[in-house]
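Colleague: I would like to learn how to read a model like this one. Where do we start?

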Amino acid sequence: MHPRRRREHAFDRGTGRHRRAELARHDTQRPRRLWESWEAAYALWDEAYGAAIAGLVRSDGSTLSDSTLSAIDALANADTPAEVTEIWDSLTDAQRDALRLTYPGFIGNLEGVPYLDRMLANRAAYERVIDAGPYGEPLDTQFENLGIEINRFQGQLLMFNPFEQPQATAAVMYGVTIQDENGDPVDPLKGVTNVNVLVGGMFSGLGDLEAWGQSARDLNFFADGYNDGTRSATIAWYGYDSPNLLTEHTMGSATEGAATLSATLRGLDNEVSSSVTTSVIGHSYGSTTAFLAVGGSPDNLGVDNLIAVGSAGVPDGYHQTWTGDDPMDYSGTQVYASRAPGDLVARYGEHSSFGHGTNPEELPGAISFESDGGSVPKVGGGTEDGLGTPGHAAHDGGNSIWGWWEEGNGYLARDSESFRNIAYIVANGQAWN
């Protein structure tokens with residue numbers, strides 16, 4: 001019998017209190033077969049992936065030393081981010097530079113490689129993609145939008161798979177830098193106390209990066225403004241084929257996305273110290289994906305807060321592919337959730353689903369917060385009126401049948417009550433209301 005693993009830490013933030021010891025009361029003993037089923041489901045895929053990567057590297061005509069090629073074999077076949085880190089640390093500076101420059105797409109997406117090296121590699125990969133274009137729509141516009149985010153708004157590419165089918169995938173991290181004022185490389189996570197991951201739902205993709213990038217930057221601003229001891233970094237994560245109207249009712253996209261998201265979160269947990277708070281925020285079907293990743297894993301992936309807004313429903317009880325007959329397990333993680341009173345789309349998604357018909361607000365220990373408009377904290381003190389979210393939108397439009405023109409009042413819009421609650425949770429470990 002193995003208890004669900006989690007990071008053990010306790011800390012206070014301003015008036016808010018976040019204690020892992022208090023969450024431990026929700027822990028359950030999970031059968032050994034959970035881990036065994038997890039391993040069985042992904043072991044063959046991992047082996048095939050490692051062999052394929054190593055084979056491609058060895059056959060593309062590049063000239064690398066035998067020791068560097070051996071390092072590629074080891075990195076491609078490593079089972080955990082910690083193993084990748086150990087192998088990476090054992091390489092010489094020359095070997096690391098050769099790998100980063102020769103195979104930036106491989107190094108940039110490898111969990112366990114330090115974020116500085118991954119961001120440098122992905123920037124090189126992006127520039128090569130742009131130089132080789134154009135590619136036609138929608139890729140050209142998506143890559144142009146991505147360039148704006150990483151050049152004008154200093155977003156750092158944490159993940160970049162430009163030609164993945166059926167849609168390109170990427171993750172952009174805001175609030176971090178990879179060099180100091182002298183141009184020397186620095187650890188992007190130095191001094192960061194909170195890392196947040198935004199997960200979009202139906203129809204989300206790189207074409208939406210302008211709005212989601214703005215939400216990431218706004219979340220950093222408000223969270224840091226709500227607590228002087230907080231320094232936030234936020235990831236806009238587009239790591240899966242988001243569902244459409246035909247596939248939203250099923251768990252197919254969530255299953256695919258949760259596998260990738262769990263890898264991202266394992267890599268993040270390996271990268272940060274145990275004192276860093278990790279919050280995952282899912283909108284609509286993004287909450288389905290995020291809750292499957294965390295609740296269906298044999299550990300909590302280092303996630304402290306799991307936040308759902310406008311949820312289309314989270315996994316029911318158990319998910320055969322991930323947990324066998326064992327239930328979803330959110331122990332070691334605090335669940336928060338909110339649905340606007342007029343959000344009929346979220347409720348339709350829940351009740352029409354095959355496998356994600358659970359309202360996250362009804363999970364044991366879940367904390368609900370408001371999104372219908374009301375008092376919210378101002379940065380610097382005092383309060384102001386927060387906007388209510390009348391429907392299902394993450395940002396603008398689509399809030400109600402009569403309000404397609406509405407702007408700035410979606411769940412993740414900067415002045416909405418929902419968004420300010422999320423920022424307060426990140427800063428202080430509790431909702432504002």
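Modeller: With burial: a residue is buried under 20% relative accessible area, exposed over 50%, and partly exposed in between, using a 1.4 Å probe and protein chains only. Helices (H or I, at least four residues) and strands (E, at least two) are DSSP runs, numbered from the N terminus. This is a predicted model, in which local features need pLDDT of at least 70 and side-chain atom pairs count only at pLDDT 80 or more, while totals for chains, interfaces and linings use all residues. Residues are numbered from 1 along each chain as its sequence is written, and side-chain values use heavy atoms, with hydrogens and water left out.

Colleague: How many residues of α14 are buried?

Modeller: In α14, 12 of the 12 residues are buried, so this helix is largely enclosed by the rest of the structure. The buried residues include Glu-417, Arg-420 and Asn-428 as well as Phe-419 and Ile-422. Helix α14 covers residues 417-428 and reaches 16 Å from its first C-alpha to its last, close to the 16 Å expected at 1.5 Å a residue; the expected span is 1.5 Å times one less than the number of residues. Just after α14, Gly-429 takes a positive phi of about 75 degrees.

Colleague: Which residues of α8 are buried?

Modeller: In α8 they are Leu-139, Gln-142, Phe-143, Leu-146, Gly-147, Glu-149 and Ile-150. Seen down the axis of α8, these buried residues fall within an arc of 165 degrees, so they line one face of the helix; the arc is that of the directions from the helix axis to the C-beta atoms. What covers them includes α7 (115-132), β5 (156-161), β6 (169-174) and α9 (209-226).

Colleague: What does Glu-149 touch?

Modeller: Contact means heavy atoms within 4.5 Å. Leaving out residues up to four places away in sequence, Glu-149 touches Gln-154, Gly-155, Tyr-174, Leu-209, Glu-210, Gly-213 and Arg-217. Glu-149 sits in helix α8 and, at 2% relative accessibility, counts as buried.

Colleague: Now the sheet. In what order do the strands lie?

Modeller: Strands of a sheet pair through backbone hydrogen bonds, either parallel or antiparallel. Two strands pair if DSSP finds at least two bridges between them. Here 8 strands form an open sheet in the order β5-β6-β8-β7-β9-β10-β11-β12, with mixed pairing. The edge strands, β5 and β12 (367-368), each pair on one side only.

Colleague: What are the pairings of β9 with β7 and with β10?

Modeller: Strand β7 (residues 194-199) pairs with β9 in the parallel sense over 6 bridges, and β9 pairs with β10 (residues 305-309) in the parallel sense over 5 bridges. Val-280 of β9 is the bridge partner of Val-197, and has Leu-306 as its own bridge partner in β10. In strand β9 (residues 277-283), 7 of the 7 residues are buried, so the strand is largely enclosed by the rest of the structure. Both faces are covered: Thr-277, Ser-279, Ile-281 and His-283 are buried on one side, Thr-278, Val-280 and Gly-282 on the other.

Colleague: Which residues have the most contacts inside the largest nonpolar core?

Modeller: A nonpolar core is a set of buried Ala, Val, Leu, Ile, Met, Phe, Trp, Tyr and Cys residues joined through side-chain atoms within 4.5 Å. The largest has 42 residues, and Met-173, Val-195, Val-197 and Trp-237 have the most contacts inside it. Helix α11 (residues 285-295) gives the most to this core, with 6 residues. Apart from it lies another core, of 41 residues, among them Leu-139, Leu-209, Ile-307 and Tyr-336.
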